[in-house]
Amino acid sequence: GPSLRLLRSACPLSEIHFLGSPGIKEVIERHGAIDEFIYIDTPGIKRGRGIPGAALMKDALKTMSGLRKERYDVFLVFQPILSLKSSVRIAFLSLFLNARKTAGRNTDGRGFLFKEKAPESTAGARHEVERMSGVARIVCGNGFLPPIEVPVHEGERKCARDIFAAHGKGSSAPVVVVAPGFTKATRRWYEERWAGL
């Protein structure tokens, strides 16, 4: 969010494409900072769950060939490079795209493949938004980082009001919302702690 908006404000005439998971598409597109959302479906490669099927690989290669034809000026990687496997995957994509400039997070020295690196240590206590902004600032300089926000549509606000009304919660009643699940086991909180909370 904030890093993409920083990028958009610094480069208002640039065309920005975002390569990512379909699970975040709606949130990313709400900010209005990107021109196109691109998704390569390669879960078998990315998550190490065996070799993906021929159809999956064919679709991924077709998408990547289309990306190469775009002849990108800049390729930015906002995700941390947490393993050698991750470094190799990103290096392959970077070489395939052949952008003139590559920049990304040099997580504990594993971002060696980037022409320009945002220094980063997993030992630091910096917020993820700040870590990502280091990559955007390679292109944008030290511009003002917009606040974290997720635009909410009026239909969604009405849906929330209806849920609260159905459960007898007035506008002044305190409401707590929790999201106990996460796709990565390393990011999940312990069940007994949720129960205690």
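Residues are numbered from 1 along each chain as its sequence is written, and side-chain values use heavy atoms, with hydrogens and water left out. Because the model is predicted, local features need pLDDT of at least 70 and side-chain atom pairs count only at pLDDT 80 or more, while totals for chains, interfaces and linings use all residues.

Let's start with the sheet. Helices and strands here are DSSP runs, numbered from the N terminus (helices are H or I, at least four residues; strands are E, at least two). Which order do the three strands of the open sheet take? The order is β3-β4-β5, and the pairing is parallel. Pairing requires at least two bridges found by DSSP between two strands. At the edges sit β3 (74–77) and β5 (116–120), each pairing on one side only. On average, neighbouring strands of this sheet are turned by 15 degrees against each other, direction ignored; the axes are lines fitted to C-alpha atoms, and angles run from 0 to 180 degrees between N-to-C directions.

Now look at β4, residues 101–107, which five bridges join to β5. Asn 106 stands opposite Pro 119 in β5. Four bridges pair β4 with β3, and Phe 75 faces Thr 102 in β4. Six of the seven residues of β4 are buried, and buried means under 20% relative accessible area, exposed over 50%, partly exposed in between (1.4 Å probe, protein chains only).

Next comes helix α5, residues 84–97. Its 14 residues reach 20 Å from first C-alpha to last, close to the 20 Å expected at 1.5 Å a residue; that expected span is 1.5 Å times one less than the number of residues. Among its buried residues are Ile 90, Ala 91 and Leu 93. Why do the buried residues line one face of α5? Seen down the helix axis, they fall within an arc of 165 degrees, so they line one face; the arc is taken from the directions from the axis to the C-beta atoms. The face turned away carries the exposed Leu 84, Val 88 and Leu 95.

Finally, find His 17, in strand β1 (residues 17–19). Is His 17 buried or exposed? His 17 counts as buried because its relative accessibility is 17%. Not counting residues up to four places away in sequence, His 17 touches Glu 36, Ile 38, Glu 70 and Tyr 72, where contact means heavy atoms within 4.5 Å.
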